[in-house]
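Please read this report with the sequence and the model side by side. Each heading covers one part of the chain.

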Amino acid sequence: MVKFRCLQRGYCCRRYWIPVTHLDILRLVLYGCYNPRDVVEPLEASVYPSTTDIPAIRLSDGEYYIALKIERDGSCVFLNRDGKCKVHEFKPLVCRFYPFIYVVRNGDIVIEVNTAALGECPGLVLDDKPIPQHIVKELQKLAKVRIEELRLWRELINEWNNSVAGSRSFEDFMKFVIKRAWADYTYLKERGLLVK
Ligand code: SF4
């Protein structure tokens, strides 16, 4: 059914906007010393509809999703000219699944080919074999972390959206994000769910 090897051409990094969680942002700060304001931005929820059940973030002038910055040519802020990712070792979790996806079926995490990647991802080749076990196992492990990180992200957003005190600027939201990310980093570490 499938063979896959990332050819690092960066096609997927020019095609999609990349939603990030507070823990994705913390990894960029911790391992890449990035200032979040330089690499993430709020995207208007009405222009960039989310396909997940993550709530939009309420700021003073509208509702937004937080994503990696998009350059003028539509590419990700971390895409190098040679097609390689500048933050490959600690890139956002959503990037690490492509060209696969996980689905939770009857309590089991199942790894499947992302149908949107068919004919798009040059490293994905369909043959008569199943997805290699090392890929399945690695992505199942990652999916457990992702599911927990998304739960914590949803909690953070709901808390922010339901709070009526203080300013609703993007700057204030980012301060809230970083503070909470450190607390959740410790929580995940204690549960063996930390990934670089
Ligand atoms: S973070 Fe890296 S892998 Fe993800 S879209 Fe950007 S360049 Fe591509």
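## Around the ligand

The residues around the ligand are C13, I18, L68, C76, F78, L79, C85, V87, K91, P92 and C95; a residue is near a molecule if its C-beta atom, placed from the backbone, lies within 6 Å of it. By class, this shell holds 10 nonpolar residues, no polar ones and 1 charged residue. Ala, Val, Leu, Ile, Met, Phe, Trp, Tyr, Cys and Pro count as nonpolar, Asp, Glu, Lys and Arg as charged, and the others, Gly among them, as polar.

This is a predicted model, in which local features need pLDDT of at least 70, side-chain atom pairs count only at pLDDT 80 or more, and totals for chains, interfaces and linings use all residues. Residues are numbered from 1 along each chain as its sequence is written.

## The three-stranded sheet

An open sheet is formed by 3 strands in the order β2-β4-β3, with antiparallel pairing. Its edge strands are β2 (40–44) and β3 (57–59), and each pairs on one side only. Helices (H or I, at least four residues) and strands (E, at least two) are DSSP runs, numbered from the N terminus; two strands pair if DSSP finds at least two bridges between them.

Strand β3 is joined to β4 (residues 62–68) by 3 bridges, and the two run antiparallel. In this pair, R58 stands opposite E63 of β4.

## The hairpin

Strands β5 (residues 100–105) and β6 (residues 108–113) pair in the antiparallel sense over 6 bridges. Here I101 stands opposite E112 of β6. The two strands form a hairpin with 2 residues between them.

N106 lies in the loop between β5 and β6. Its phi is positive, near 50 degrees, and N106 is not a glycine.

## Two more backbone features

Most residues other than glycine have a negative phi, and most peptide bonds are trans. Q8, in the loop between β1 (3–4) and α1 (12–15), has a positive phi of about 50 degrees although it is not a glycine. Q8 has 15 other C-beta atoms within 10 Å, so it is partly exposed.

The peptide bond between Y98 and P99 is cis, with omega of about 10 degrees. P99 is placed in the loop between α4 and β5.

## Two residues in helices

V39 belongs to helix α3 (residues 36–39). Apart from neighbours within four places in sequence, V39 is in contact with L28, Y34, L68, K69 and V77; contact means that the C-beta atoms, placed from the backbone, lie within 7 Å. V39 and C76 are 37 residues apart in sequence, and their C-alpha atoms are 9.3 Å apart.

L93 belongs to helix α4 (residues 93–97). Leaving out neighbours within four places in sequence, L93 is in contact with D24, L142, V145, R146 and E149. L93 and R105 are 12 residues apart along the chain, with 20 Å between their C-alpha atoms.

Which residues make the contact between α5 and α6? From α5 they are E148, L152, L156 and W160, and from α6 they are F173, F176, R180, D184 and L188. They divide into 6 nonpolar, no polar and 3 charged residues.

Technical notes
Contact = placed C-beta atoms within 7 Å. Buried ≥ 20, exposed ≤ 12 C-beta atoms within 10 Å, placed from the backbone.
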